[in-house]
Structures are given as structure tokens and as C-alpha cells.
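Visitor: I have a model open and would like to learn how to read its features one at a time. Please give the general idea before each case.

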Amino acid sequence: MKITIADEFQKVLRLAWVLAEGATVRPREAALAGEIDSLAARVKREHAGAEPATVPGIARARRLFHAIGLDPTRYRPSSEALFRRVSKGQGLYAINNVVDSLNLHSLETLLPMGLYDVDQVDGDAEARKGRTGETYEGIGRGPQNLEGKPVLADGKGPFGSPISDSTRSMVRESTRRVLWVIYAPMGTGDAELEQGRRRAEDLLVRHCGARVVERG
């Protein structure tokens, strides 16, 4: 699978991604739950009551949105939404082992990430700005106007975003092939992106029974 970045984002956005096969989608098990609970407790302990903009990782995600041309106080990076929930002591939603693994990693790094059922993606993908009239049904958010927003698009149009992904490509119980994308601002070093990608691979293998077949 080929993933490219449009010219309009070449100077502001970096991506790391993993494609894995053979995933088994099921409720999170004790080992993953333990990692999530431990991280959530640490985030709440260290950042309870803090303004998100003062947290370095959140500030970095917001800089990415500013560079893309979005007001991050109006359209929050998905990682900030996770942080806000956990810092209030609400914990992460229990969805399934694959989605919960991604939310764990996104909360660790405070970088927005996307997770997609590869069999619902039409060909290669491109990170670009949403075009006039482009919409999709966001997971838990209803219809989303995508004009001017950062999206990941395939032959059928947008299917993902660092704000909220689409129901078309969401991970379901029937999902077996998974694409995991990390969205990072320009200036993020190769070593950090590599570390983030390796962590995604580790979570997919250990908690989801998947086998990594492509990476970038």
C-alpha cells in the first residue's frame, strides 16, 4: 500500500504507518487493560487540572493543526480529546483490543493517530486537505464537513482524519487487516517516528495477534 503527502502538507506534516494482517478483534484483555489503567492513572496524577495548552505534547499537536490552517481550540486533535477525558479521571472508552491499543499509544505520545480497516480502503491513500463538498460520517460524531480539514483519502474520497475517522473504514469485529497511521508535525525526528512505529507494531502483535506486513 502506498501512502503519500500532498504538496500542500509537505512542509508541515510527517506520517508513520503500519499495515498488519491477521488481527483478531475482541474485547481488551487483562494485559492491555493493565497498561491502559497504569497510563491513565499517571496522566491524571501528573496533569489533573492543567490547561491542555500547557502540556508539551498537546502543544505540539496544536502547532500541527495551526500549520495546517485549523484552529485547534475549535477542531481538537484526537489525541487531545483522549487527554482531556483521562485527565478528568474518566478513563479511556473500552471499544476493542485494536482501537484500545491505538488509544493507549496516542495517549502516550499525545500525537493524533488513525486506525483503518484496509479492506474498506480503495487503493492507495493520500494525506491532503478536504475539498469543497466532501463529507463523511464520523465515528460517534455524525456527518462531518471536511472542507479545509486534514484528511486521509483513497479512490472513493476521504476516510480518515487526525480529528475523527469515518465509519466507512472503522475497525469492526470482522476486521482482519489494519492500517495504523501516526500524524506528526514537521520537525519530528526520524528516530521518534521510528520509535512510534515500532511501538504500534508491538501493540498490534502482542494484543491483537496481528502480523506486520508493511511499514513506512
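Visitor: In what sense do β2 and β9 pair, and over how many bridges?

Guide: Strands of a sheet pair through backbone hydrogen bonds, either parallel or antiparallel. Two strands are taken as paired if DSSP finds at least two bridges between them. Helices (H or I, at least four residues) and strands (E, at least two) are DSSP runs, numbered from the N terminus. Here β2 and β9 pair in the antiparallel sense over eight bridges. L13 stands opposite P185 in β9, and A20 stands opposite V178 in β9. This is a predicted model, in which local features need pLDDT of at least 70 and side-chain atom pairs count only at pLDDT 80 or more, while totals for chains, interfaces and linings use all residues. Residues are numbered from 1 along each chain as its sequence is written, and side-chain values use heavy atoms, with hydrogens and water left out.

Visitor: Which strand does β2 pair with over four bridges?

Guide: That strand is β10 (residues 211-215), again in the antiparallel sense. The bridge partner of V18 in β10 is R215.

Visitor: What is the order of strands in the open sheet with antiparallel pairing?

Guide: The four strands run in the order β3-β9-β2-β10. Because β3 and β10 stand at the edges with a single partner strand each, one side of each is left without a neighbour in the sheet. From one strand to the next the twist averages 25°. For angles, axes are lines fitted to C-alpha atoms, for helices over the stretch in contact, and the angles run from 0 to 180 degrees between N-to-C directions. Contact means heavy atoms within 4.5 Å. Helix α4 packs on this sheet, touching β3 and β9, and its direction makes about 165° with that of β3. Helix α5 (residues 190-208) also packs on the sheet, touching β2, β9 and β10; the direction of α5 makes about 25° with that of β2.

Visitor: Which strands form the open sheet with mixed pairing?

Guide: Four strands form that sheet, in the order β1-β4-β7-β8. The edges are β1 (3-5) and β8, each with a single partner strand, so one side of each has no neighbour in the sheet. The twist in this sheet averages 40° from one strand to the next. Strands β1 and β4 (residues 125-129) pair in the parallel sense over three bridges, with T4 opposite E126 in β4.

Visitor: How many residues of helix α3 are buried?

Guide: Buried means under 20% relative accessible area, exposed over 50%, and partly exposed in between (1.4 Å probe, protein chains only). Helix α3 (residues 78-87) is mostly covered, with seven of its 10 residues buried. They are S78, S79, E80, L82, F83, V86 and S87. An α-helix has 3.6 residues a turn, so residues three or four places apart point the same way. The buried residues of α3 pack against α1 (30-47), α2 (56-68), α4 (97-109) and β3 (113-117). After α3 comes G89, with a positive phi near 85°.

Visitor: Which residue has a positive phi although it is not a glycine?

Guide: That residue is L110, with a phi of about 60°. L110 lies in the loop between α4 and β3. Since its relative accessible area is 8%, L110 is buried.

Visitor: How many aromatic pairs does the structure hold?

Guide: Rings of Phe, Tyr and Trp (its six-membered ring) pair if their centres lie within 6.5 Å; planes under 30 degrees apart count as stacked, over 60 as edge-to-face and the rest as tilted. The structure holds one such pair. The ring centres of Y116 and F159 are 5.0 Å apart and the planes stand at 90°, so the pair is edge-to-face. The pair links distant parts of the chain, with Y116 in strand β3 and F159 in strand β8, 43 residues apart. Y116 counts as buried because its relative accessibility is 0%.

Visitor: Why does S169 count as buried?

Guide: S169 counts as buried because its relative accessibility is 0%. S169 lies in the loop between β8 (157-160) and β9 (178-185). Leaving out residues up to four places away in sequence, S169 touches L115, Y116, D117, Q120 and F159.
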